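My entries follow in the order in which I looked things up.

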Amino acid sequence: MAAHAEALSALSSGGPVARDDVRRWIDSGDLLTWSVVYALAENAWSRIQPEISAEEHAEFMRRYLLRCIEENPSPGEHLHGGYEAAWELAAALKQWRRRGGRIAATVRGVALDLEKIYRRGEPATQNRILCGVMEHAFEDPAIRPYFVDWERDSDLRDAYKLAVEWGNAHEGM
């Protein structure tokens, strides 16, 4: 819990935050601490010194948001519930895809991670993935090829088709 308190203090301080501290808080694996690091990275990125690379930031976002989607914690001051995390991840996927380059490779990794979580998940988890992530991410048709394995798999095809239907109806949003 010390890492959580340290991260909260850093978030509220307004001063510079050591990159090594941020990495240590991430390494703690504590979801509450991660939620504060996520808030820090989203709201005070420039205070992290030296800067964390965009790829490292995206990797942390991926891990945090996927974990929230799967575990569905009760939302808190900084902690995302399952659907909140799903909506954030959908927005991040669209942003990463637009940025291109190495960061766009994160999108493929997320698609594979979502497939694993969907397969082992209970219906509520599957719903968060379909309705929270995929439908909203598929509003950008360029995201869909990253999920092509879903279309080819008989266990995932129906979810994929529903996400495409939603995406077609809300394209560009």
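I began with N72, which is partly exposed with a relative accessible area of 38%; I use buried for under 20% relative accessible area, exposed for over 50% and partly exposed for what lies in between, with a 1.4 Å probe and protein chains only. N72 sits in the loop between α4 and α5, where helices (H or I, at least four residues) and strands (E, at least two) are DSSP runs numbered from the N terminus. I noted that N72 has a positive phi of about 50° although it is not a glycine. Most residues other than glycine have a negative phi, and most peptide bonds are trans.

Before going on I wrote down the ground rules: this is a predicted model, in which local features need pLDDT of at least 70 and side-chain atom pairs count only at pLDDT 80 or more, while totals for chains, interfaces and linings use all residues. Residues are numbered from 1 along each chain as its sequence is written, and side-chain values use heavy atoms, with hydrogens and water left out.

**Backbone at P50**

I then checked the peptide bond from Q49 to P50, which is cis with omega near -15°. P50 belongs to the loop between β2 (48-49) and α4.

**α4 against α6**

How do the axes of α4 and α6 cross? I found that the axes of helix α4 (residues 54-71) and helix α6 (residues 101-120) come within 11 Å and cross at roughly 15°; the axes are lines fitted to C-alpha atoms, for helices over the stretch in contact, with angles running from 0 to 180 degrees between N-to-C directions. That makes α4 roughly parallel to α6, since angles under 35 degrees count as roughly parallel, over 145 as roughly antiparallel, 65 to 115 as roughly perpendicular and the rest as oblique. α4 passes α6 in a right-handed crossing; a crossing is right-handed if the near helix is turned clockwise from the far one by less than a right angle, and left-handed if anticlockwise.

On the α4 side I listed A54, E55, A58, R62, L66 and E70, and on the α6 side R102, I103, T106, V110, D113, L114, I117 and R120, taking contact to mean heavy atoms within 4.5 Å. By class this contact has 7 nonpolar, 1 polar and 6 charged residues; Ala, Val, Leu, Ile, Met, Phe, Trp, Tyr, Cys and Pro count as nonpolar, Asp, Glu, Lys and Arg as charged, and the others, Gly among them, as polar.

I also looked up what is buried in α6, and the residues include I103, V107, V110, D113, L114, E115 and Y118. What covers the buried residues of α6 includes α4, α5 (82-99), α7 (123-137), α8 (148-152) and α9.

**α3 against α4**

The axes of helix α3 (residues 31-43) and α4 come within 10 Å and cross at roughly 135°, which makes α3 oblique to α4. Here the crossing of α3 past α4 is left-handed. From α3 the residues L31, W34, S35, V37, Y38, A41 and E42 meet H57, F60, M61, R63, Y64, L65, R67, C68 and E71 of α4. I sorted the residues of this contact into 10 nonpolar, 2 polar and 4 charged.

**Cysteines**

How many disulfides does the structure hold? The structure holds 0 disulfides, a disulfide being a pair of cysteine sulfur atoms within 2.5 Å. C68 is in no disulfide, and the nearest cysteine sulfur, that of C131, is 18 Å away, which is too far for a bond. C68 is buried at 0% relative accessibility, whereas C131 is partly exposed with a relative accessible area of 25%.

**Two positions in α9**

A163 lies in helix α9 and counts as buried at 0% relative accessibility. Not counting residues up to four places away in sequence, A163 touches L130, M134, E135 and F138. A163 and R144, 19 residues apart in sequence, are 9.1 Å apart in space, C-alpha to C-alpha.

W166 is also found in helix α9 (residues 157-169), and W166 is partly exposed at 27% relative accessibility. Leaving aside neighbours within four places in sequence, I found W166 in contact with E135, H136 and E139.
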